[in-house]
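Here are my notes on the model you sent over.

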Amino acid sequence: MADRYAHLRASLGDELLAKVQAAKLLVVGAGGIGCELLKNLVLTGFLNIHVVDLDIIDVSNLNRQFLFRQEHVGMSKSQVAAAAVKVFNPDATIVAHHGNVKSPEFGLNFVAQFDLVLNALDNVDARRHVNRLCLAKDKPLIESGTTGYLGQVTVIRKGETECYECQPKPTQKSYPICTIRSTPDKPVHCVVWAKELFRLLFGRAEDSMLYEDPAGDEPSAYMATVTARPEASADAITAYAAAVLVAQFETEVAKRIGMDVYKGAKRLPEAVAGGALRALAAEYAQAPSRVARKAGWDRDVWGVEESAREFSACLHDVYSSAALREHVGSMEFDKDDKIAMRFVTAACNLRSVVFHIPLQSYHDAKGIAGNIIAAIATTNAIIAGLQVLEALKIMRAAKPIREACNYVWCLREGTRKGLLLQPTALEPPSKGCFVCGTRTVDVHLDTAALTFGEFVSRVLKSRLGVNEPSVSVGSSLIYEEGEDAAQGLRANLPKRLRDLPGGGVTDGTSLSVEDFSQDLDVTVCVYHRVFDEEEVPDGFVVGGQMPVASAAKPSAEPPSAETGTNGAPAAAAAAAAAAVPAAAAAAAPTAQPAKRGREDGGSEEPPSKRAAATVATAVDTTGGDDDDDVICVGDD
């Protein structure tokens, strides 16, 4: 019988091949890069692989994620990919996990069993989490990313190299198409989806990411409806508007819920009642754009009724106009086109209602402009290949990782020497990194305005990537999450920072923040600053990158909670208070003695200093998508 591994034995040598076959690997992500990576790994002789992915297969994946076929739509990516790569090497053991890598089951103890971890993820939050797990268990991590023709691969090892968070990442403005179509959780996801619906209804339908082949094996819930263009009569247009509304916001949503697409979601989407949509479609004459407009109308937020009427009104405006009607099928979205922008705002808000996402005004929706950067299958393949090469260097173990491995860029344009792949040396850990270095981070914010709930969700979780925070001021524990967390401490969430127990959080207060799920312990130094809302829309700055002097207004003594001069957070505070159960708010003390956590077994941009100057003007893929098309939102 022929030796399946003869070619690998000849190229790698017996010793390295033995190490490769004995290694136990974790692959996080089974999309564009993940499919290529899994295939490469089994063909290179890796025989023991676990793969984790939360997503299910969408029809939009089929043009580049080559392990998937039409019959796999709606199935788990990790499970289908695991079965598919077994065909390449039946000797391989591929264990698929359909779930979120941030779930407790994939915590510190889970990661500890692997010799090497390889990321093929699509968001910064998950990358940060895996980075921290690997640092905590001292496991080498091969990180990757692509955006269009650009990509990079780097290797992370505790104490030897920069970790994923040693260099600041630009604000993420890229979103995978799978997220847009299936699991939106931000307003921008809904705006982009609404633009694609505009293209489906008025432009070249087949170019829309929402397009589904009417002749495909899986019957579409809406294609037959949206392609049945109405006659010019008011009744026909109203009937068409009603049918499209029901198809998109009731039938399609119910279909996906029935397919268990949202099985792992914290909160299930809710379809809009079809009867109500039909009635509202007939009330297009009462749409916001058709009633007397008051000053500032574009700042009003449309609810379900206003949005459904406006949706229908836009269809009437297009199909009742002979000049516009003849361009249906070739229209292009233009944010300065009032009909197009009204339609997108209405569709965006209806989508947001379904997924429990904050609604947007016409003005805010217009401010989110973007374009699609198509995922390039060959870029994914190149990056996945580079990951395996770095994995072989680690397996060989001839030198320390920082000497053996490289940070490799995939460029769109060649260097002066014509090189499209640019390797650079790995950098040492940054002493200022709050994850692997100093364990200290500065945060500048308005302590009299920001509530503690906003601080936890927006600063600790969203910006710093803390998963399950426990927060202490001095010796007093004021908040915790995770197993056996004290629910009574949730009563602190609606309070403004300066009104917290233990003297409050004011200028110069140090908070101890621990996350036992990531083995993270960091000191957050809070400094009171009042920012100009236009200069710093988030209302806070993390680290030392302060805005221009005119934007920051230090205030040594913030006003009291009763007489505060900044009333902006009142609505947010009320929302946070509403989220706290009444029983918790009335519960026992809001401060408890600080306590240490359980042991592991008890309970989880390219840096400017690099030499890769040739990509100085390129998109930074370290925080972008790497397993799908991406939607890049511009600033104009």
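This is a predicted model: local features need pLDDT of at least 70, side-chain atom pairs count only at pLDDT 80 or more; totals for chains, interfaces and linings use all residues.

1. Let's begin with the cysteines. UniProt, in an unreviewed entry, annotates Cys-163, Cys-166, Cys-433 and Cys-436 as "binding site". They are spread over 274 residues of sequence, yet they cluster in space, with a largest C-alpha distance of 8.5 Å. That annotation may be inferred rather than shown by experiment.

2. Where does Cys-163 lie? Look in the loop between β6 (150-156) and β7 (174-176). Cys-163 has a relative accessible area of 5%, so it counts as buried, the cut-off being under 20%. Setting aside neighbours within four places in sequence, its contacts are Asn-131, Leu-135, Ile-156, Cys-433, Val-435 and Cys-436.

3. Cys-436 sits in another loop, the one between β10 (421-425) and β11 (440-445). Is Cys-436 buried, partly exposed or exposed? Its relative accessibility is 27%, so Cys-436 is partly exposed. Not counting residues up to four places away in sequence, Cys-436 touches Leu-135, Cys-163, Cys-166 and Pro-429.

4. The unreviewed UniProt entry lists Cys-178 for "active site". You'll find Cys-178 in helix α7 (residues 177-181). Its relative accessibility is 5%, which means Cys-178 counts as buried.

5. Have a look at Lys-102 too, in the loop between β3 (93-98) and α5 (108-111). Which side chain does the side chain of Lys-102 meet in a polar contact? The partner is the side chain of Asp-125, at 2.8 Å. Lys-102 is buried, because its relative accessibility is 17%.

6. Now for the charged pairs. Side chains of opposite charge can pair when their charged atoms come close. Searching the whole structure turns up 29 salt bridges. One of them joins Asp-14 and Arg-9, with the closest N and O atoms 3.7 Å apart. Asp-14 is exposed, at 52% relative accessible area, while Arg-9 is partly exposed, at 33%.

7. Two of the pairs sit within helices. In helix α3 (residues 32-43), Lys-39 and Glu-36 are three residues apart, so about one helical turn separates them. Their side chains form a salt bridge at 3.3 Å, N to O, and both Lys-39 and Glu-36 are buried. Helix α12 (residues 304-319) holds Arg-309 and Glu-305, four residues apart, about one turn of the helix. The salt bridge between Arg-309 and Glu-305 has its closest N and O atoms 3.9 Å apart. Arg-309 is buried, with 14% relative accessible area, whereas Glu-305 is partly exposed at 46%.

8. Last, a network to trace on screen: salt bridges link Asp-58, Arg-181, Glu-212, Glu-252 and Arg-256. Arg-181 falls in helix α7 (residues 177-181), the helix that holds Cys-178.

Conventions
Residues are numbered from 1 along each chain as its sequence is written. Side-chain values use heavy atoms; hydrogens and water are left out. Buried means under 20% relative accessible area, exposed over 50%, partly exposed in between (1.4 Å probe, protein chains only). Contact means heavy atoms within 4.5 Å. A polar contact is a pair of N or O atoms within 3.5 Å; within protein, one must be able to donate a hydrogen and the other to accept it, and residues adjacent in sequence count only if both atoms are side-chain atoms. A salt bridge is a side-chain nitrogen of Lys or Arg within 4 Å of a carboxyl oxygen of Asp or Glu.
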